[in-house]
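Colleague: I am new to this structure and would be grateful for a guided introduction. May we proceed by question and answer?

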2 protein chains.
Amino acid sequence: MSPTTETLTAERILEATEEVLRRHGPAKATVVDVARALGVSHGSVYRHFRTKAELRAAVTKRWLDRTSRALAATADDGERAPALRLRDWFRQLFEAKRDKAGADPELFATYSVLTDENGEVVGAHIAELVAQLTRIVEAGMASGVFAPGDPASVARALFRATAHFHDPCHAREWTRPEIRDELDSVLDLLLRGLAA
Amino acid sequence: MSPTTETLTAERILEATEEVLRRHGPAKATVVDVARALGVSHGSVYRHFRTKAELRAAVTKRWLDRTSRALAATADDGERAPALRLRDWFRQLFEAKRDKAGADPELFATYSVLTDENGEVVGAHIAELVAQLTRIVEAGMASGVFAPGDPASVARALFRATAHFHDPCHAREWTRPEIRDELDSVLDLLLRGLAA
DNA sequence: CAAATGACAGATATTGAAATCTGTCATTTG
DNA sequence: CAAATGACAGATTTCAATATCTGTCATTTG
């Protein structure tokens with residue numbers, strides 16, 4: 001039952017892959033490295049993931065899912081007013097991204113490369129985030145505090161309008177001290193636009 | 001007075017540099033190429049631009065200035081209502097970018113590399129665009145159709161909220177057919193938020 | 001017999017020597 | 001004498017040989 005004799009599972013391979021990516025970076029992380037880290041032959045890794053691309057996509061999905069899960073709690077907190085939930089949800093999303101980018105820039109760069117090469121996985125992640133937003137917008141429209149409309153397309157507009165504060169291609173901007181105020185300005189404008 | 005005997009000016013060097021960048025791309029365009037295109041020695045180019053980086057920055061500025069100049073006409077058209085001007089200004093900005101990206105993707109990629117390496121020039125360009133927006137917002141607030149506030153910070157919020165539709169890092173999205181509707185959704189929300 | 005191995009072919013990455021480029025400046029040109 | 005040149009040193013890029021990696025599969029292992 002020691003780690004080295006544990007059976008080889010997809011989960012263990014994903015953990016090892018994350019570690020190898022963290023250590024070597026996205027350009028130098030090889031399947032052979034992952035196998036070496038696990039003490040198995042690289043052929044065994046290919047029993048669980050058909051290609052290196054599939055393995056990297058799975059790691060990317062795992063990483064993105066961690067963020068979605070944390071946000072779902074805020075999105076679905078029926079106790080709080082939709083306007084407050086919306087503001088907090090965007091702040092939480094922004095802070096999560098900014099902190100990751102700031103705390104370990106190399107790791108963030110690694111995941112930026114991974115997201116760039118896995119458009120499908122990122123698309124599903126964005127769809128999930130917009131679905132969470134849609135639930136908040138629906139609640140607001142149902143209770144009459146938001147103007148009526150199509151919740152899904154409003155949710156999408158909200159997500160687009162805040163791209164500057166969550167899309168990794170804007171990460172360089174996130175260290176500017178005024179950025180927090182700018183997010184609040186944008187949210188003020190959007191929430192005014194949303195109000196009934 | 002034939003082109004080859006004309007005196008060597010900064011302007012002629014910039015034209016030749018654009019042409020070399022168009023032909024060879026940003027990675028392979030050299031100062032020697034530019035000199036060759038002009039039929040002079042590369043030493044002569046260095047009489048007008050201290051470094052290759054300065055030359056590339058000047059080309060970048062020229063390119064960005066062409067966009068600013070086209071938009072200024074819309075921004076300062078006092079005949080039209082601020083809300084209409086604002087909507088048109090953003091549509092014009094979006095269409096200019098999307099058309100450039102679509103018509104000649106290689107050239108667009110070239111200029112994306114140039115803007116990435118010339119943060120200062122891009123910063124000045126963005127400041128100019130936000131200044132144009134500020135003038136529209138001021139007009140709207142002065143006439144009472146926009147809610148009162150600080151025009152400059154509202155203008156900045158508008159620019160941030162539309163990043164998805166003008167920042168080159170989102171260029172891949174601009175070929176999706178729904179993008180035009182998404183821009184309109186965002187502008188609807190923002191204009192509602194702006195209204196008095 | 002399911003899981004793991006490792007040799008293999010073709011694709012990709014690394015490396016170091018050679019070629020080219022950047023930026024300077026003493027000299028030439030008109 | 002202002003403008004242009006071209007040789008030069010050091011930095012960067014190219015290119016081809018070499019090494020490593022990816023993905024497969026016949027064979028081995030527990």
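Modeller: Read along the sequence, chain A follows the pattern α-α-α-α-α-α-α-α-α. Please bear in mind throughout that this is a predicted model.

Colleague: What distance separates the centres of domain 1 and domain 2 of chain A?

Modeller: Domain 1 of chain A covers residues 3-48, and domain 2 covers residues 61-194. Contact between them involves 5 residues of domain 1 and 5 residues of domain 2. On the domain 1 side, these residues divide into 3 nonpolar, 1 polar and 1 charged. Taken over C-alpha atoms, the separation of the two centres is 32 Å.

Colleague: Which residues of chain A does UniProt list for "DNA-binding region"?

Modeller: An unreviewed UniProt entry lists "domain: HTH tetR-type" for residues 7-67 of chain A. That span is 75% helix and 0% strand, with its end C-alpha atoms 29 Å apart. A further annotation, "DNA-binding region", also comes from an unreviewed entry. In chain A, this annotation covers residues 30-49.

Colleague: How far apart are the end C-alpha atoms of residues 30-49 of chain A?

Modeller: Over residues 30-49, chain A is 75% helix and 0% strand. The end C-alpha atoms of this stretch are apart by 13 Å.

Colleague: Which residues are the closest to DNA strand C?

Modeller: DNA strand C is surrounded by 18 residues. The elements that give two or more residues to this surface are α3 (42-48) of chain A together with α2 (31-38), α3 (42-48) and α4 (52-75) of chain B. By class, the surface has 6 nonpolar, 8 polar and 4 charged residues. The closest residues are V40(A), G43(A), T30(B), V31(B) and K52(B).

Colleague: Which residues are the closest to DNA strand D?

Modeller: Around DNA strand D there are 18 residues, classed as 6 nonpolar, 8 polar and 4 charged. At least two residues each come from α2 (31-38), α3 and α4 (52-75) of chain A and from α3 of chain B. The closest are T30(A), V31(A), K52(A), V40(B) and G43(B).

Colleague: Which element gives the most to the side of chain A that touches chain B?

Modeller: In the contact between the chains, 17 residues of chain A meet 17 residues of chain B. On the chain A side, the elements that give two or more residues are α8 and α9. By class, that side has 8 nonpolar, 5 polar and 4 charged residues. With 8 residues, the element that gives the most is α9(A).

Colleague: Which residues have the most contacts inside the largest nonpolar core?

Modeller: In soluble globular proteins, nonpolar side chains tend to be buried together. The largest nonpolar core here has 50 residues, and the elements giving two or more residues to this core include α9 (179-194) of chain A and α9 (179-194) of chain B. Leaving aside residues up to four places away in sequence, L190(B) touches L189(A), G193(A), L158(B) and A161(B). The residues with the most contacts inside the core are L190(A) and L190(B).

Technical notes:
Residues numbered from 1 in each chain as written. Chains lettered and ligands numbered in written order. Predicted model: local features only at pLDDT ≥ 70, side-chain atom pairs only at ≥ 80, totals over all residues. Near = placed C-beta within 6 Å. Helix = DSSP H or I, 4+ residues; strand = E, 2+ residues; numbered from the N terminus. Nonpolar A, V, L, I, M, F, W, Y, C, P; charged D, E, K, R; others polar. Core = buried A, V, L, I, M, F, W, Y, C linked by C-beta atoms within 7 Å. Buried ≥ 20, exposed ≤ 12 C-beta atoms within 10 Å, placed from the backbone. Contact = placed C-beta atoms within 7 Å. UniProt positions renumbered as here; feature names shortened; annotations may be inferred. Domains from an automatic or database assignment.
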